[in-house]
Amino acid sequence: MNLSITPPSSPDAEALGKSWLMFHENINRVISFRAVTIAGVEVGAKAAQEHFLRELATSTFMIQQGPMPEEMFSRLKASVLERKRADTAASLDAACLILAHSVFEALVHEILDILPSTRREFILKRIGERKVRLCVLAGASLETVLSHEVLDYVRELKRDSLGKKVAFIFGCCGFDKSCQIPGYSFGEDQLNAIDKERHKMVHA
């Protein structure tokens, strides 16, 4: 992935630029981890697995019919080792999905932390009908109450689904779900599906 980042013009922009770079580096680490691990499993375990399989298959087959023909063993090996590789890949994919989800969600949360100061009016319109607790009102100025409610809303949003959090960020930036960006389309359903899959893996 090639990045072209405009020099930041504010502390928030600088923080976001650093967060984006960190996100990019961490996602690449997850991708590299998966590739290296799969390669290591396939190279390191293949010889041992094949030797064990040959011993097992030959001894089992000889009990009934004598030495197993090489062609038959080749078909058996292809079937068993490929299934073994697929099982390993599935477990690794699950781990990498959890890691990638955490990396992406961390970036989303850092963006949400910036929004109260950069998109305050948008958030206030969003929470215009929100009920305020009396304990918050006691002795506080209107400005203090509004700031508290904006921050409180963002804290609550962080506990929501990944799709809703990203949709909210899009809204703050003036985009809606149907916006057209070259090479990209927003898929809240896909994000929520990833969210659910990650939850299922963590709590399996």
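Start by selecting Phe23. Phe23 counts as buried, at 13% relative accessibility. Keep in mind that the model is predicted.

How exposed is Trp20? Its relative accessible area is 29%, and Trp20 is partly exposed.

Phe23 and Phe104 make a tilted aromatic pair. The ring centres are 5.9 Å apart, with 55° between the planes. Which parts does this pair tie together? Phe23 belongs to helix 1, whereas Phe104 belongs to helix 2, residues 70-118. The pair therefore links parts that are 81 residues apart in sequence. Check the surface at Phe104 too: Phe104 is partly exposed, with a relative accessible area of 25%.

Show Trp20, Phe23 and Phe104 together. These three residues form one aromatic cluster.

Finally, widen the view to the aromatic pairs of the model. How many are there? The count comes to four aromatic pairs. One of them is Trp20 with Phe23, a tilted pair at 5.2 Å centre to centre and 35° between the planes.

Notes: Residues are numbered from 1 along each chain as its sequence is written. This is a predicted model: local features need pLDDT of at least 70, side-chain atom pairs count only at pLDDT 80 or more; totals for chains, interfaces and linings use all residues. Side-chain values use heavy atoms; hydrogens and water are left out. Rings of Phe, Tyr and Trp (its six-membered ring) pair if their centres lie within 6.5 Å; planes under 30 degrees apart count as stacked, over 60 as edge-to-face and the rest as tilted. Buried means under 20% relative accessible area, exposed over 50%, partly exposed in between (1.4 Å probe, protein chains only). Helices (H or I, at least four residues) and strands (E, at least two) are DSSP runs, numbered from the N terminus.
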